[in-house]
Amino acid sequence: QANRSSHQSWRAAHGGAFRCASHCRRTCLSAAMGNATSPHYVCSCDANGTSAEKMREDVAMPADMAEEETLMTRGVSPFATVSNAAVTSLVYIERSSTGISDMVSAGTTEAGLSSRHSDTSSRIITRAMSMMKTTGLGLVNVCPAQLDKSHVAAFKERLQNAGIDLSKWGYGGAKSIEHLFWEVESQRGCVIISMPGGALKRITRLVKIRLVAEIFGVDHTLFSRMQFMHDGQTVERKQVPLRKLSWLESSAKYLHTSADDLASEVCTFTENWRTGCRTTLHERLGLPTSWQDLHLVEEENSYKYIVEDNVKSDGYPGLNTMYCIHEVTFRIPDPLHSGVQVIGLPEGQEFATAEGDFNFHGQQDDHGLAIGTQLNIWTWGRVQEKKVGKDTSVSKPVAAAAEAAKQEQLVNTNFQDLLLIRRVPLPATAAQSLAAMQQRLHRSKRNSDPPSGVLWSCMDGLSTDWVRAASIASRILDPGYSLKKFNDDLVCFPELNLYLFDERRTLNVSKVSSGNAVSSGRTIGDEFQRTIGAFFAIYWMMRLDLDGKDGFANGVGEDWRPITNLTDDDTRVSQPAKRRKFHQDARWTFFKKLLMNAGLIEEKKVTSFFLKTTTKVVVNEKRLVALLALTAVHDIMKMSMILPDVQKEHAPYQNYAAGDTISDHDHALSYVMDHYPKMLPSFRDLEASEKRSVQFTQCNLCFNHGWFVQAEAPPGAIFTKFRAALIRDHKSQIGQRDVALYFVHWITDLAGAEPTPLAGCEKFVTKFPLPVLNSFLRSFEFVERIATQTETQVMEAFLKMRWEEHEPSMGELPSGDSAIAKMRLLCMAQMNSSLVLEAFDQLTAEDRDLLCLEMARSGCVGQSFSPTLVPKEAGLGQDGPAFLVYYGPAFLQNLQGDPAVRRLSLLAEIYRCSRELWPASIAKVGVNVTIRIDVIKAMSCKEMQAANNEGDVWVLVKHNESEAFVERSSKRKLNKMIASSQGFQVLDLACISTYAK
C-alpha cells in the first residue's frame, strides 16, 4: 500500500509523465495493483493498440518506480472467441521472486489468500497472453460506495458485538467489512448464524471444479495463480475455478438454524451444485454451456463432498467459517480441438479473464471498481493427487503447503528436463546452413521474385542429395541401420534448413537482456521437432517386423536404441502402462496393410537354394523417397516469412485474391507445388506420378473420418466432395494407392504431432483412444476404394465388414428392410450395440419403419444400397434429402441410464420432425441436411421431460436450408418463432412414455 501511494503521489506531483502508447494516449495511468514487493501497474483502453511505451515529459520518474510501471494494451487475440465474449490481449510486467517462499496451494478454500513473496531477490518478467472478458457475477456486483451505509454500519456493529476484531480487515490480503456485507446481502454467497455463547459462524457452500487435460502426455489441471482484486490487492495462490453457491433466502432466515442442517450434502437452501458447476465455468472462464457440452466430460467417481469446519479465515480474520465443498473433475478429451484454444490448449499457455466490469483504470472513478470484479491469470500445472476424507477440519499449515509447492516445482522441473532429452539435437551443420541462407538473402538477385522472394533466395542453388535419400530407402529394413544414422541422413533434404528461421527468431524473442527475462510463450524449435517426429514414425512403421513396434510405442533411450520390456511402473518413459497396452493391443497388421496399399512395401515370394519358398518384404524405394520428400516439405509454410503471395494469373486461389498472402500453410504449399515447383528441390525432381501423389496429399478432401467409422452420416455427406475432388481436381488420375498414401501421411504427421520425437509416437500411444485408432486403421482400405467405387458401394462394404468382425459375434448379416439401419446402429452405438439392436426390435412398427427408411437414404443421385437391404422407398427412385444426425453416436453411446428403446424412439421422433421441415422430394435426392442434437446428446429422457414439466418444450429449429438444431424453448420464444415464420417442429416426448422401463 505504501509503494502504491508513493507512485500515485509522484504522478500527482509531476502531472502524469507517463502515457499509454495505444490510440487513447492517456497521460495518467491507473492505480497500482499489488503490494510493496509485487507491484503491478496497468492501463486499459478500447483502441486496438499493439504496443505500449513510457513517454517522459519534463520530469523523469525515479528509476525504482519506472522499472515497475506496467502497461496493458488491447489487440486482436490469437485465440478463437467463445460465444460473444470479448477476447483481447494482455501484456504486463511481473516482479517474480527467485524462491517460492510462502507460495501456498489451494488445499483449503482460502489458503494462501494473504501470502506474499518474502524473498527480496526478484526479477522482472514480461508476459503476454490472451484475455477474455467474462460475465462474472453480473448485476450482483456493487461498488463499495453504493452500499447502504447505515446497513453496513449495523452489520459492522453486529460483528464487533460478537467479539470480532475488525482492525485487520481490508489490509494485507484480508477483505473489507463492505466485502463481507456484499457477500452476505447482495451475492448471497454465505450466511452468518449465531452459535452458543453469542459467537458467529460464517457458512458458505462452494463448488470447486478441476479441469484436466493432457499436455505433452501428462495430466495438467487449470489453476488461477494470480488474482488482481477490485480493491487493488494482488493475491498469489493456486486456485481451481470455484464459486459460492447462492442461498435462496437472505442470511437472516438462517440465523438460528443448526450448522449441521446447513452442512448437509443434499441441501435445499442453496442452488443445485450441478447448476453451480455450469454457472462457474460461464462466469469465471466465459465458457457457455454449449461449449461445456461439446468439450467437457465428467470423470467417473471424481465427485467429492467435503466439510471444512472451524476454519480460521484469512479473508475475514477472527470470523469462524465452515466450508461445504462440492468437488468434481471434468476432463477435456480432445485438447487439440480448435475450440479449446481459448483456454490455452493444447500447449498449456497462460491466459487471463476479466470478470464483470473489471478494468484497470476504474479505481480512479469516484465509486471505484465493483466488489466481485477481478482479473485472473490462469495457468496449467501438474499437481500431485491429494487424498481428502469425507470430513476434514482446518486447513494445512502454511509450511506444509509451501513444501508441497516446492515438490510440485521439482516435478515440473524434472518434466521439463525429460521433455528436453526427448528432443533431437539440431544437425551439426545447422549454424553453417543458417549463415549460408542469411548470405543468400542479402546477396541473391531473387529476393524480390514472386511469389516469395525469401523462399527463392533460401533455396537458390540448392538441390536434394538424391543419392543419400535413395540410400535411406535401400537401407530402411537393414537391422543395422539405426535411428541415429537415419536422423543423420535426413540432412539430404535442404528444406529442413528453413526451420532454422524458427529457431533463430524464437531465440531472439526469448533472450535475456539487462536482467529482464521475456517469456515468448513458445518452445524453441517445435516445428522442426514435429517434422523429425513424422520422419521417425515412417522409420518405425517401415520396420514393424524388426524394432519398429518398440520404437513406435516406447521411443528410444540415451543410446538411440528402442526401449524394450516395459513394466507398468517403468521410470524410463512417461505413462508406461499406456505404452505397454498400446504395444500389446495395437492392430499392427493394419499398419502394415496400409503401407502395402500405398505401394511403399510389397511381399514377394523368394525361393532359397534349397528350394524352400518364403515371403519377403521388399521396399518400393522410389515410393518411399517420395514420402520422405513430402515429409520434409509438408510443414515448411508454418515459417511465415516464406509464405507466397497469389499472383494475378492464378487468382483467385482457394478464395485468396491476387496480391493476398496465403496464410493457410497447407494451401500455401499447394500453391507453390501447383505453380512454382522449382522452388522446392525435394519436390521438383520427383517423377511425374510421384509428384501427383504428393500433391494429392495436400488437397482438401472435406472428409470427416469420424462420420464414416461411426456410420454417423449417409454416404453422400461423407464421400461426395471427396470423390468430386478426385474427378474434378485430379482428372481421375488418382488411384487407390494414392489415397492410401494420403492416409499414411495423415498417420505419420499426427504420430509426430508432439515435439518429442525420441519418446516414440506419443500422440497415438498416450493420447489417442486405441479402439478409435484401430477402427480408423481398419477403415482405410475401404476409403481407398472411393477411387474406383461409388460412395454407397464403399459404405455398404464397410458396414458389412463391421457386422461380420464385431466382437462378440452378431450372427449372420442382416437382410431385408432393416438391414442398413441395423448395421449403422451397430457402428453408432459401439459398446451399447447389443442393447440398441435388441431395443430396435421392441420399437413400434411406426418408429421402426421410419428408422429403416431414413437411415437407408444414400444422399447421392442415382445411388442406393443393395435392394435386399433397404425398404423399397429407399431404392433407386428414392427421394431426398438425407439426414445426418450430428452427435447421433454420442446419443446412443451415452444412455444416461435410459432404456435403449427410449433413446431409439426419441431418435425416430427427431427424424420424423426433420422430414416435416424438409418434405421428401425427388429433386433433393442428392442433398444432405445436418440435424444437430448437441444439447441433448448427454441428457437423460428424465431430464428432458423435466423441462416440459417446467413449462418449456423441446423443438427442432430450422436455421437454414442445410441444418437444424434441437433446442429448449420457452413459450415466449416459441411465439417469436411463429411470428417470424421460422420453421420448427415441437418434439413429442410422449414417444418416450410409450416404452416402460
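I say a charge sits over a ring if NZ of Lys or CZ of Arg is within 6 Å of the ring centre and within 35 degrees of the ring normal. The model is predicted, so I take local features only at pLDDT of at least 70 and side-chain atom pairs only at pLDDT 80 or more, while totals for chains, interfaces and linings use all residues. I number residues from 1 along each chain as its sequence is written, and side-chain values use heavy atoms, with hydrogens and water left out.

Charges over rings: I find the charged end of Lys-484 over the ring of Trp-560, 5.6 Å from its centre. I also find Lys-958 with its charged end over the ring of Trp-918, 4.8 Å from the centre.

Next, ring pairs. I pair rings of Phe, Tyr and Trp (its six-membered ring) if their centres lie within 6.5 Å; planes under 30 degrees apart are stacked, over 60 edge-to-face, the rest tilted. My search of the whole structure gives 38 aromatic pairs. Phe-552 and Phe-582 are stacked, because their ring centres are 5.8 Å apart and their planes are at 10 degrees. This pair links distant parts of the chain, with Phe-552 in helix H15 (residues 548-554) and Phe-582 in helix H16 (residues 576-585), 30 residues apart. Helices here are DSSP runs (H or I, at least four residues), numbered from the N terminus.

I call a residue buried under 20% relative accessible area, exposed over 50% and partly exposed in between (1.4 Å probe, protein chains only). Phe-552 is buried at 0%, and Phe-582 is buried at 1%.

Conventions:
Helices (H or I, at least four residues) and strands (E, at least two) are DSSP runs, numbered from the N terminus.
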